[in-house]
Amino acid sequence: MLYFCPTCANLLIVEEGFQGMRFSCVTCPYVFPIKRCVSYKIYPKLKALDDVLGGAAAWKNVDSTDEPCPKCSHPRAYFMQVQTRSADEPMTLFYKCCSPSCGHRWKE
């Protein structure tokens with residue numbers, strides 16, 4: 001959490017004073033005592049894998065291959081390649097079962 005000096009708009013630093021911790025300005029004499037613990041935790045929401053890969057529309061115009069589904073053993077699966085890591089590493093293969101009742105997704 002950042003606090004700024006109301007006088008000169010510089011960033012306040014935390015230091016130990018006579019009566020405990022306080023925010024103080026390094027350029028002017030402004031001091032703001034800290035009377036309670038100030039902390040927050042914010043956890044970002046992770047995107048679903050489909051959002052990262054382009055959503056449901058990403059699977060519309062993909063090819064299929066002879067790859068058996070590990071869940072239902074259907075003999076074919078849709079696939080697409082996405083560069084998920086740095087350029088010097090191989091692309092990641094994402095599969096989706098061709099069976100409309102299954103639709104299981106996995107990666108290689």
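**Close-up 1. Pairing of β4 with β5.** In this predicted model, β4 and strand β5 (residues 77-82) pair in the antiparallel sense over three bridges. Here helices (H or I, at least four residues) and strands (E, at least two) are DSSP runs, numbered from the N terminus, and two strands pair if DSSP finds at least two bridges between them. Within this pairing, Asp63 stands opposite Phe79 in β5. Residues are numbered from 1 along each chain as its sequence is written, and side-chain values use heavy atoms, with hydrogens and water left out. Because the model is predicted, local features need pLDDT of at least 70 and side-chain atom pairs count only at pLDDT 80 or more, whereas totals for chains, interfaces and linings use all residues.

**Close-up 2. The open sheet of four strands.** Four strands form an open sheet in the order β4-β5-β6-β7, and the pairing is antiparallel. The edge strands are β4 (63-65) and β7 (105-107), each of which pairs on one side only. On average, neighbouring strands of this sheet are turned by 35 degrees against each other, direction ignored; axes are lines fitted to C-alpha atoms, for helices over the stretch in contact, and angles run from 0 to 180 degrees between N-to-C directions.

**Close-up 3. The hairpin of β1 and β2.** A hairpin joins β1 to β2 through two residues, and these strands pair in the antiparallel sense over five bridges.

**Close-up 4. Four cysteines recorded as a binding site.** UniProt, in an unreviewed entry, places the feature "binding site" at Cys5, Cys8, Cys25 and Cys28. Although these residues are spread over 24 residues of sequence, they cluster in space, with a largest C-alpha distance of 8.7 Å. UniProt positions are given in the numbering used here, feature names are shortened, and annotations may be inferred rather than shown by experiment.

Close-up 5. Are Cys8, Ala9 and Cys25 buried, partly exposed or exposed? Cys8 counts as partly exposed because its relative accessibility is 31%, while Ala9, at 55%, counts as exposed, and Cys25, with a relative accessible area of 9%, is buried. Buried means under 20% relative accessible area, exposed means over 50%, and partly exposed is in between (1.4 Å probe, protein chains only). Cys25 has its place in the loop between β2 (20-24) and β3 (31-33). Not counting residues up to four places away in sequence, Cys8 touches Cys25, Thr27 and Cys28, whereas Cys25 touches Cys5, Cys8, Asn10, Leu12 and Tyr30; contact means heavy atoms within 4.5 Å. The C-alpha atoms of Ala9 and Thr27, which are 18 residues apart along the chain, are separated by 9.8 Å.

Close-up 6. A disulfide is a covalent bond between the sulfur atoms of two cysteines, and the cut-off used here is a pair of cysteine sulfur atoms within 2.5 Å. How many disulfides does the structure hold? The structure holds zero disulfides. The sulfur of Cys97 is 3.6 Å from the closest cysteine sulfur, in Cys72, and is therefore too far for a bond. Cys98 is likewise in no disulfide, since the nearest cysteine sulfur, that of Cys97, is 6.5 Å away. Cys97 counts as buried at 2% relative accessibility, and Cys98 counts as buried at 19%.
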